[in-house]
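Here is a report on one protein chain, written to be read beside its coordinates. Please keep the sequence and the model open together.

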Amino acid sequence: MSDWIAKQSRFIIAIFLVLALAGGFALIRLPVSLFPQINFPRIAVSLDAGERPVEQMAAQVTRPVEEALRSVPGVRNIRSSTSRGSAEVSVSFNWGRDMATAELQAQAALASLTPDMPQGFRFSVRRMDPTIFPVLGYSLTSDTDSLADIKNFALYDLRPLLASVDGVAEVSVLGGREIEFQVIADPVRLQAIGLSLADIEAALTADNLVAAVGRIEDRSRLFLTVADDRLSSVDEIGAIVLKSAGGSIVTVDDVAEIKTSLAQEWTRVTADGHDAVLINIRQAPDANSVLLTDTIKQRLTTEAPRFPKGLKLTPYYDQSELVKNAAGSVRDAILIGMGMAAIVLFIFLRSIRFVLVVAILLPAVLAATALLMTVLGMSLNMMTLGGMAAAVGLVVDDFVVMLEHVTRRLADKSASALEAAAELSRPLIGSSLATIVVFTPLAFLSGVSGGFFKALAVTMASALVFSLVFTLAIAPLAARRFATADDAARAERANGWLRGLTNGYAALMKHLLRAPLTAALVIVTIAAVIGGVASMRVATGFMPHMDEGGFVLDYQAPPGMSLTETDRLLRQTEAIIRATPEVASYSRRTGLQLGGGLSEANEGDFFIRLNPPPRRGIDEVMTNIRTQIEASVPGLVIETVLLMEDLIGDLTAVPQPIEVKLFGTDRGALAAAADATVAQIENIRGVVEVQKADRIAGDSIVIILDRNLLALEGLDPARAAAQLGTLVGGSNVGVIQSGERTINIKVWTPDVIRDRVEALRRLPLAAPDGHVLPLSRVANIEIAQGQAQQSRENLLPFSAVTARLEGRDLGSAMKDVRKAMSTATLPAGVRVAFGGLYAEQQKSFSDLMMVFASAFVLAGLLLIFLFRSVAKAVAVLGVVGLSVAGVFAALLVTGTELNISAMMGLTMVIGIIAELGVFYFAELADGHATAEHHIEAGRARLRPIMMSALIAVLALSPLALKLGEGAALLAPMATAIIAGLIVGAPLVLIAAPVLHAAMTLRHAQV
């Protein structure tokens, strides 16, 4: 191999330069986003069937839809919530399913069902992915322009401007008001001339049309003939003839007041204390978040002079800030790791030339990794950047081991640089494979953990492959060019403390290897006790908590509360939010939600954006705001949640950490069970915001029509209901076009005849023969209390109680919740299950344990292949087990949760320790190894193993210390790896020979 490298050195260097330069170019052009592109296996179906009772909606609409969706191939779970006239159905599939196809199949199933559904049935299907939340959001406010003008500007000026930006998937407009032409009919006048509201509706519909009536040829021209009777103004509406007799006519303005007014508002949007219009910009899944937001900002800056004077455009959410900060913090972690590696390398080898070699090779490895990421269609995000940062120490490790070995051989003048490199090629390949093979099981990992951490694993594995190639091909050439005998001699003379440490190590091992079996039992017992105690006491969670610079506050006013009264409560809430010094801006939606879903007029959410650090931590700010609202705004129920947790919750349909699911066939029993569950868990320490998941809609006015009395008046229920619809809610009978806008024409009645329940009794109904009668003559009017939503999972009725956590980990809190529920007295027939993010945690932990076990087995098989010795393989795997105990202890001591990030680090410890074990046992000759052989191997490998471990620890320290916004997501992983190295690296030199000797030595002489 050394001869081939020497002969092809120019070709190898040329390939190296091409890869490095092409990778650098690819690195600049890689798309940047917050998270990897994850194909979440879930679709959300929204159903609307007019205003109908919950029971009727559930039986006639939701259940048939659930059964139809069940027929879609690959469906794993169906969950629904039904309210008055609307429902939301969540359909989950197995991970790996083609969701574009699943979405089309769901639409086809519902389309085939539509003809058999009640009149007015509508549905929409949307695929759930991380882009359901906007990448950029602006609030539009003005002290001079009306909300209607602001909304028109947003719809017809801003939206087309922003939608044309490459990478924008959707621009949505929330809030504002709409203009409409209202025809307010006077029932008394209509009755006096023998007309009804239906006559006005018919006239307006018939007199506002445009239709093609045919084509004619005249000489050489072809003409399309169009009958055009469109309305264009209020005056034209009033001039429409309703009746003509005896030479006189009756027009609309004779019996109605015609005015331009604002349409009814059942939602409200505010921002920073002002009524506002929100612009939400969603990116395409493959778009570059940073480039997209920068382009939008530039376009808005360029067009700003053309905007209406007094219009204020304020960003209320900007994901690119988090992306940039996170990318910057991880980039800094990489640079710090490179700097630390250079310092350690110089301290141990005392050669600027060797530092220069690493300074050239490390960036080249990262650049080549970026080139492969481009080929694989990946992006720069928190996971891939984290993979690069975590790989720095392992990449440098290969270079360090190679350079240290070359230095040692040059010092004793036993081989040239290329010959020394060739000697190390076999153990180097084996050690690298021991790390790379650990990532193989991750290819089969599903769920949230797989979606997030596959990208990290692919990045790290790619970096390690390029590191191996460059170490074998480029490092020897660099060592031949830069390394000299003087360098080697200086490295061997330096570090007198290292020689002392080596001698101390040899003395320790002489004592341990006199009785290796006893020493092995002591080491294993100590590790088992420490690991067992730590594993039982360590806190557990799901995703790491990360300060994203903002959070979501969900709220719900008392059931049935009007929009006006809800708004009054929320103005008090806004005052508390504005008075919080950490708050930079906020936006509020009432009757709407940031991520979509069922909403009533008494509920919605805030998105609260915080100032950049330094400031109080986001958890402290959330607790402070929640406490003040609970104390100052009675009746308002709130939930506070970090944005990433809210996003993952919406994507997986399990937004709360704790969810107690209650199944049963009796809705009354389920309601009683929900009340009992709330009482059981609301006093558990750290469990806050305990709520019943099924919301209660507002009260209803029920008009019970009497068929017999209607028949006596010459009416039928359908005709009476149609008249009531116009009398109470108004009827849209057409539009008037104004440029690109269309303005509705609405026939209605004066407020005075429909503003109170008693007034409804006097509503005038017109009979076919022209006589008019009050509604009370043919109907009874009652007030019905609000109905609770009905939820089902896989067609089984269920209710749920949800809660969030404050100052406590998910695992210990759920232990108390499960204990409390085991003693709860629930109605007969009610079954309890646990969902929420806890269920996702359990699934992810189960999957990651399978990955851990698979990686352990694969590493063992590789070790047996490399050494052709079961004893050596078992010794290395034994050190892995001992290191895992140390990881659990470190998590407990540092207060780090065992979550999916930490589990990833725990899995990677297998490969890292196996790699160090390969280097140690590569020094032992095949066959019987004496105690002296073990000691000499340890003396030879002490310096490179110390260097490798120290560099990896220092390279990961910025992530473990959470330096920067993006580091928090990867901090548990970094902590686990650092702990594994601190414990495992010494144990490779101490415990591995002891374990091996215990299995192989017989009457060793020391």
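## Model and conventions

This is a predicted model, in which local features need pLDDT of at least 70, side-chain atom pairs count only at pLDDT 80 or more, and totals for chains, interfaces and linings use all residues. Residues are numbered from 1 along each chain as its sequence is written, and side-chain values use heavy atoms, with hydrogens and water left out.

## The whole chain

The chain has 31 helices and 31 strands. Helices (H or I, at least four residues) and strands (E, at least two) are DSSP runs, numbered from the N terminus. The C-alpha trace spans about 130 × 80 × 55 Å along its principal axes.

Of the 1006 residues, 55% count as buried. Buried means under 20% relative accessible area, exposed means over 50%, and partly exposed lies in between (1.4 Å probe, protein chains only). Contact means heavy atoms within 4.5 Å. Among contacts between residues at least 6 apart in sequence, 80% join residues at least 24 apart.

## Strand 29 and its partners

Two strands pair if DSSP finds at least two bridges between them. Strand 29 (residues 790-793) pairs with strand 2 (residues 75-83) in the antiparallel sense, over 4 bridges. There, Arg79 stands opposite Glu793. Strand 29 also pairs with strand 30 (residues 796-805), again antiparallel, over 3 bridges. In that pairing Arg792 faces Pro797 of strand 30.

Which way do the side chains of strand 29 point? Gln790 and Arg792 go one way, Ser791 and Glu793 the other, and all are buried. Strands 29 and 30 form a hairpin with 2 residues between them. In this hairpin, Asn794 takes a positive phi near 50 degrees.

Strands of a sheet pair through backbone hydrogen bonds, either parallel or antiparallel. Here 6 strands form an open sheet in the order 14-13-18-19-17-20, with antiparallel pairing. Its edges are strand 14 (274-275) and strand 20 (637-642), each pairing on one side only.

Inside that order, strand 17 (residues 550-556) and strand 19 (residues 603-610) run antiparallel and are joined by 7 bridges. Val552 has Phe607 in strand 19 as its bridge partner.

Ala557 sits in the loop between strand 17 and helix 19 (563-579). Ala557 is buried, at 2% relative accessible area. Leaving aside neighbours within four places in sequence, Ala557 is in contact with Thr566, Leu569, Asn602, Gly635 and Leu636. Ala557 and Arg268 are 289 residues apart along the chain, and their C-alpha atoms are separated by 14 Å.

## Two helix pairs

Axes are lines fitted to C-alpha atoms, for helices over the stretch in contact, and angles run from 0 to 180 degrees between N-to-C directions. Angles under 35 degrees count as roughly parallel, over 145 as roughly antiparallel, 65 to 115 as roughly perpendicular and the rest as oblique. The axes of helix 3 (residues 54-70) and helix 4 (residues 99-113) come within 9 Å and cross at roughly 135 degrees. The two helices are therefore oblique to each other. Pro64, Val65, Ala68 and Leu69 in helix 3 meet Ala106, Ala109, Leu110 and Leu113 in helix 4. By class, this contact has 8 nonpolar, no polar and no charged residues. Ala, Val, Leu, Ile, Met, Phe, Trp, Tyr, Cys and Pro count as nonpolar, Asp, Glu, Lys and Arg as charged, and the others, Gly among them, as polar.

Helix 30 (residues 931-960) and helix 31 (residues 971-1000) have axes that come within 8 Å and cross at roughly 175 degrees. They are therefore roughly antiparallel to each other. Their contact has 19 nonpolar, 5 polar and 1 charged residues.

## Single residues in helices

Beyond neighbours within four places in sequence, Thr907 is in contact with Val438, Val851, Phe852 and Ala855.

Asn152 belongs to helix 5 (residues 147-163). Asn152 is buried, with a relative accessible area of 18%. Ala192, in helix 6 (residues 187-192), counts as exposed at 66% relative accessibility. Ala192 and Met814 are 622 residues apart in sequence and 71 Å apart in space, C-alpha to C-alpha.
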